[in-house]
Amino acid sequence: MPTLHPLLPKPLPAPSSSPTTLRLPYTPMSARTARHMVRVKLTEWSLPHLIDDAELITSELVGNAVKTGCLTFLIVGIRRTTSSTVRLLVSDGSASPPVLIDAGPDAESGRGLALVDQLTRQRWGVTVWPHGKVIHADLAASLPRSVDARKDRARTAR
């Protein structure tokens, strides 16, 4: 094992890429707890640029799960499926799949899955089980083009 100079700071441990899963009750407060878990994990993975979209997606999927009226619990998870993909998962006890609808301008609801569809670039889906379902939503973990472009401009300006 290498010896470190006593005046040098100790290296930080590598961030964990392990998935995180929470078991939550069917209450509106579960969305807040799930958003917090997502924010903490994305910060740990040095992906702060995904936090806003991931929290919105998580809120929508957990909110839909809470509306199913199931009496057991729901499961919310986040994992890195590849180095370039973060997957959000919400499992509930209803076998009814979500339906993406075209909500009219006067509709009071029905836009949530359209937001999920847009933010994930149509990279979401559902797996139905005999006693429920799992909805997944994938986000690209790479930096947005605008951030990459700013970094490129900063490098060429030097």
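Predicted model: local features only at pLDDT ≥ 70, side-chain atom pairs only at ≥ 80, totals over all residues.

Reply: K41 is buried, with a relative accessible area of 6% (buried means under 20%, exposed over 50%, partly exposed in between, with a 1.4 Å probe and protein chains only). The side chain of K41 meets that of E44 in a salt bridge, 3.2 Å from N to O (a side-chain nitrogen of Lys or Arg within 4 Å of a carboxyl oxygen of Asp or Glu). E44 is partly exposed at 30%.

Residues are numbered from 1 along each chain as its sequence is written, and side-chain values use heavy atoms, with hydrogens and water left out.

The whole structure has four salt bridges. In one of them, E55 joins R39, with the closest N and O atoms 2.6 Å apart. This pair links distant parts of the chain, E55 in helix α2 and R39 in helix α1, 16 residues apart. E55 is buried, at 14% relative accessible area, while R39 is partly exposed at 34%. Another salt bridge brings R87 and D138 to 2.7 Å, N to O. R87 sits in strand β3 and D138 in strand β5, so this pair ties together parts that are 51 residues apart in sequence. D138 is buried at 9%, and R87 counts as partly exposed at 24%.

E55 leads us on to its helix. The buried residues of α2 are I51, A54, E55, I57, T58, L61, V62, A65 and V66. They line one face of the helix, because seen down the axis of α2 they fall within an arc of 165° (the arc of the directions from the helix axis to the C-beta atoms). Among the elements covering these residues are α1 (29–44), β2 (74–82), β3 (85–92), α3 (112–119) and β5 (132–140).

That brings us to the largest nonpolar core, which has 31 residues (a set of buried Ala, Val, Leu, Ile, Met, Phe, Trp, Tyr and Cys residues joined through side-chain atoms within 4.5 Å). Two or more residues of this core come from each of α1, α2, β2, β3, α3 and β5. α2 gives the most, with seven residues. L42, L61, V62, L74, V76, I78 and V86 have the most contacts inside the core. Leaving aside neighbours within four places in sequence, V76 is in contact with residues including A34, M37, T58, V62, L89 and V90 (contact means heavy atoms within 4.5 Å).

Across from these, α3 has its own buried residues, G112, L113, V116 and D117. They lie on the same side of α3, because they cover an arc of only 140° around the axis. Their cover includes α2, β4 (124–129) and β5.

Terms used:
Helix = DSSP H or I, 4+ residues; strand = E, 2+ residues; numbered from the N terminus.
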